[in-house]
Amino acid sequence: PRQPAKTLWYDRPRYVYLEFCVEDSRDVKVIIEEQRLVFSCKNADGVEFYNEINLFARVNSKDSREKRSDRSITCFMRKWKEKVAWPRITRENIKPAWLSVDFDNWRDWEGDEEVERAMVEQYAEV
């Protein structure tokens, strides 16, 4: 049986970030399409995780990436329309129980572009 991974998300001027909270993940698969993201993996105990998100707006799948760490898998997706805030990550106006806003990383955009550029470069290096 599959279950959704606990997922945190936050919005930036150029990118939308999603963090799938699965420790010791393996067989990670991330498919980023223009209007949809599909995530799947297993944890050390063999539990299968699967999330499918119809995105609020279009993203540039060619300029989107994911990075795996021991504790989670972070995806950052380049928005087609930069500097347009997303009020939610899903196209549907419903909030799945497994999805939460990442308030630790959510902040006003004022002067945020340099911080965002540094974050993306840090992810790209790995």
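Which residue forms a salt bridge with Glu-52? The partner is Arg-36, and the closest N and O atoms of the two are 2.8 Å apart. The structure above is a predicted model, where local features need pLDDT of at least 70, side-chain atom pairs count only at pLDDT 80 or more, and totals for chains, interfaces and linings use all residues. Residues are numbered from 1 along each chain as its sequence is written, and side-chain values use heavy atoms, with hydrogens and water left out.

**Salt bridges**

- A salt bridge here is a side-chain nitrogen of Lys or Arg within 4 Å of a carboxyl oxygen of Asp or Glu, and by this rule the count comes to 8.
- The pair from our opening question links distant parts of the chain, with Glu-52 in strand β6 (residues 48–54) and Arg-36 in strand β5 (residues 36–42), 16 residues apart.
- Strands (E, at least two residues) are DSSP runs, numbered from the N terminus.
- Glu-52 has 37% relative accessibility, so it counts as partly exposed; the scale is buried under 20% relative accessible area, exposed over 50%, and partly exposed in between (1.4 Å probe, protein chains only).
- Arg-36 is partly exposed too, because its relative accessibility is 26%.
- Now look at Lys-79, which forms a salt bridge with Asp-11, the closest N and O atoms being 2.6 Å apart.
- This pair also connects distant parts of the chain: Lys-79 sits in strand β8 and Asp-11 in strand β2 (residues 7–11), 68 residues apart.
- Lys-79 is buried, because its relative accessible area is 2%, and Asp-11 counts as buried because its relative accessibility is 2%.

**A salt-bridge network**

- Glu-82 forms a salt bridge with Arg-78, and their closest N and O atoms are 2.5 Å apart.
- Salt bridges that share partners join Arg-14, Asp-63, Arg-65, Arg-78 and Glu-82 into one network.
- Arg-78 is partly exposed at 21% relative accessible area, and Glu-82 is partly exposed at 30% relative accessibility.

- Strands β7 (residues 59–68) and β8 (residues 73–79) run antiparallel and are joined by 6 bridges; two strands pair if DSSP finds at least two bridges between them.
- Glu-66 has Cys-75 in β8 as its bridge partner.
- A hairpin of 4 residues joins β7 to β8.
- Asp-70 lies in the loop between these two strands, and Asp-70 counts as exposed because its relative accessibility is 54%.
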